[in-house]
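Thanks for coming. I will walk through one structure this morning, starting with the overall layout and ending with the packing.

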Amino acid sequence: MKQCTVYDLGIIDYQASDFLQEKLLYCRKSDVISNVLLLLQHPPVFTIGRAGNDENVIASKETLDKEGISVFRIKRGGDVTCHAPGQLVGYPILKLRESGLSVHQYVWNLEEIIIR
């Protein structure tokens, strides 16, 4: 795998990190930048992926509003994910083909690294 630049962004809201990821993805696809890993935390937020639905967020809208918890629909897979301060989130922006890895191989390798 080629070099990967790691950025520790601290706590950043979901929309801002999503916008940054989209810009970095475009730059990576265009070979303007090398591989990047964003490490960060989010203020309380639920994301609902393509496989998810609103009913899987069991907190009421009133509770979410009262607690200042945002909800975003996202283009990625998955159901509902909760993010909050104290939870480390990593967003890799890489060209896997350059390393000869499939998505499944990459995820398996990442899981192994975390386990070890």
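I will call a residue buried when its relative accessible area is under 20%, exposed when it is over 50%, and partly exposed in between, using a 1.4 Å probe and protein chains only. By that cut-off, buried residues make up 23% of the 116 residues in the protein chain.

Two notes on the source. This is a predicted model, in which local features need pLDDT of at least 70 and side-chain atom pairs count only at pLDDT 80 or more, while totals for chains, interfaces and linings use all residues. Numbering starts from 1 along each chain as its sequence is written, and side-chain values use heavy atoms, with hydrogens and water left out.

Now the layout. The protein chain has three helices and six strands; here helices (H or I, at least four residues) and strands (E, at least two) are DSSP runs, numbered from the N terminus. Read from the N terminus, the order is β-α-β-β-α-β-β-β-α. The C-alpha trace spans about 45 × 30 × 25 Å along its principal axes.

Next, the sheet. Strands count as paired if DSSP finds at least two bridges between them. Three strands make an open sheet in the order β4-β3-β5, with mixed pairing. At its edges are β4 (70–73) and β5 (80–83), each pairing on one side only. Strand β3, residues 45–48, pairs with β4 in the parallel sense over four bridges, and F46 stands opposite V71 in β4.

On to α1. Which residues of α1 are buried? They are Y14, S17, Q21, L24 and R28. These lie on the same side of α1, because they cover an arc of only 90° around the axis, the arc being taken from the directions from the helix axis to the C-beta atoms. On the other side, Q15, F19 and Y26 are exposed. With contact meaning heavy atoms within 4.5 Å, the buried residues of α1 pack against β2, β3, β4 and β6.

Last, the core. A nonpolar core is a set of buried Ala, Val, Leu, Ile, Met, Phe, Trp, Tyr and Cys residues joined through side-chain atoms within 4.5 Å. The largest one holds twelve residues: I12, Y14, L24, V36, L38, L40, V45, F72, I74, V89, Y91 and I93. Leaving out residues up to four places away in sequence, V89 touches L38, L39, L40, H42 and H83.
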